Amino acid sequence: MIFCTVVTQSFIPHARVLAESLAEHQPGAMLELFVADAPDASPASHEPFRRLSLSEVGLSREELHRRYTMYDAQSLASSIKGTLLAACLERTGGPALLLDADTLVLGALDDLCELTARHAILLTPHASVPLQFAAGEMGLEQSFLRAGIFNGGFVGVSRGADAFLRWWSERCARDCIHAPDRGLFYSQNWLGLVPALFDHHVLRDRGINLTGLGMGEDDIGWREGRPWIGDRPVRLFHFAGKFDPHSGCFDTLRDADWWPRVAGRPGFARLCQDYARRLLRSGFDGAAPVDHSGFDWVMRAAYRQALLKSEANGGVEPPNPFAHGMAAFTEWLARPANPGSRVSRYLAALYSERPDLRAAFPNVPGDGEGKLLAWVASKYGGKLPRGLPTEAAL
């Protein structure tokens, strides 16, 4: 079994913890790691994982530059999952198991290799037991409808999964975004279509890829120093969310729908404390910033919209700063979005992504442009956020 993950530099400490815990419970296993925003960095001999090169993942540098420009860190890493798994299969013959880097291995995983080899595609649901429900209220099960039935932090594949991986990779190449109005949650929602399209197996073992959603109202139990959930040993715990190792808990505002509070769950608190110690020991405080480029979301949206249009029509691709330089990219953003328009590509992208602006200033492009520009001038002093020059913003 090949174990692999894809991260940006900010998650390398998490990958160290994953690799070390994998080695503890699966002797001889080596985690293969692709760092999406630093593919050319020299691998360090002391690391507990094997760092993959760009050529080993099967992406061209030009394509990576496109994704650097249109995707934030989470989208970038998620968009490469299917491509990474396909490359592992091609290189080794499989089976291969992709785990999100914020996963902790707590038991042996030999049976997963056998299951993956037998079924070609192995998936895990967010929860494998019914959760609390109240009619008319937004509960955990309703969250599955927004974020996907299956958790994208665990995907096993073997020979026979080629068609699935091509299908998943194609969709994630350009649509690996968080867009609730379109039913998109990065690479994850696509997995919900797998049962209708491909042979697969759903693993309903609560102790595999367990998250806060899968815990429901239960606490983690401990027997002879090992964690359990109900009658199942916890072998893979997925700390998906904004986990703070200094406090040993999750962001209760950002992740309120996803994670139970540590207070009142001593077994869960113990597991969080163990993971926190591991993260801090693995260099969490010295990790790179989360954002791999410093672009704001409007720049990304403008580039992605133009790239999709050029690929659909066979036109010239928009410039991206990694291939053409930041000056060329900024100049392109400053140009009018349409012939004769006074609205720049940057402002047009902001307008297209915000329903409130479209409702407040209809007829853009058209006679509504003046009111839109006046709003920008009054709100931002003629200069949109993130430091684009005035002439670029307007």
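# Helices, pockets and confidence in a predicted model

User: Helix H12 (residues 297–313) and helix H14 (residues 326–334) pack at an angle of about 80°, with their axes 11 Å apart. Why is H12 called roughly perpendicular to H14?

Analyst: The angle of about 80° falls in the range from 65 to 115 degrees that counts as roughly perpendicular, whereas under 35 is roughly parallel, over 145 is roughly antiparallel and the rest is oblique, so H12 is roughly perpendicular to H14. Axes here are lines fitted to C-alpha atoms, for helices over the stretch in contact, with angles from 0 to 180 degrees between N-to-C directions; helices are DSSP runs (H or I, at least four residues), as strands are (E, at least two), numbered from the N terminus. This is a predicted model, in which local features need pLDDT of at least 70 and side-chain atom pairs count only at pLDDT 80 or more, while totals for chains, interfaces and linings use all residues. Residues are numbered from 1 along each chain as its sequence is written, and side-chain values use heavy atoms, with hydrogens and water left out.

User: Which residues of H12 and H14 meet?

Analyst: From H12 come Met-299, Ala-302, Tyr-303 and Ala-306, and they meet Phe-329, Trp-332 and Leu-333 of H14, where contact means heavy atoms within 4.5 Å. The residues of this contact divide into 7 nonpolar, no polar and no charged, given that Ala, Val, Leu, Ile, Met, Phe, Trp, Tyr, Cys and Pro count as nonpolar, Asp, Glu, Lys and Arg as charged, and the others, Gly among them, as polar.

User: What makes H3 and H12 oblique to each other?

Analyst: Helix H3 (residues 61–70) and H12 pack at about 135°, with axes 7 Å apart, and they are therefore oblique to each other. In this contact Arg-66, Tyr-68, Thr-69 and Met-70 of H3 meet Arg-300, Tyr-303, Arg-304 and Leu-307 of H12, which by class gives 4 nonpolar, 1 polar and 3 charged residues.

User: How many cavities of 30 Å³ or more does a search of the whole structure find, and what lines the largest cavity?

Analyst: The search finds 1 such cavity, a set of points on a 1 Å grid over the protein atoms alone where a 1.4 Å probe fits but cannot get out, whereas a pocket is an open set with protein on both sides within 12 Å along at least five of seven lines, and lining residues have an atom within 4 Å of a point. The largest cavity holds about 80 Å³ of space, and its lining of 13 residues has Pro-125, His-126, Ser-128, Asp-205 and Arg-206 nearest the centre.

User: Which element gives the largest share of the lining of the second largest pocket?

Analyst: H12 gives the largest share, 4 residues, in a lining of 21 residues, among them Trp-297 and Glu-353. By class, that lining has 10 nonpolar, 3 polar and 8 charged residues.

User: How do you know how confident the predictor is?

Analyst: The chain averages a pLDDT of 89, and 92% of the residues score at least 70, on a scale of the predictor's confidence in each residue from 0 to 100. Over residues 385–394, however, the pLDDT is below 50, although this stretch has 28 contacts in the model beyond near neighbours in sequence.

Conventions. Grid points are joined across faces, edges and corners, and a volume is the space filled by probe spheres set on the points.
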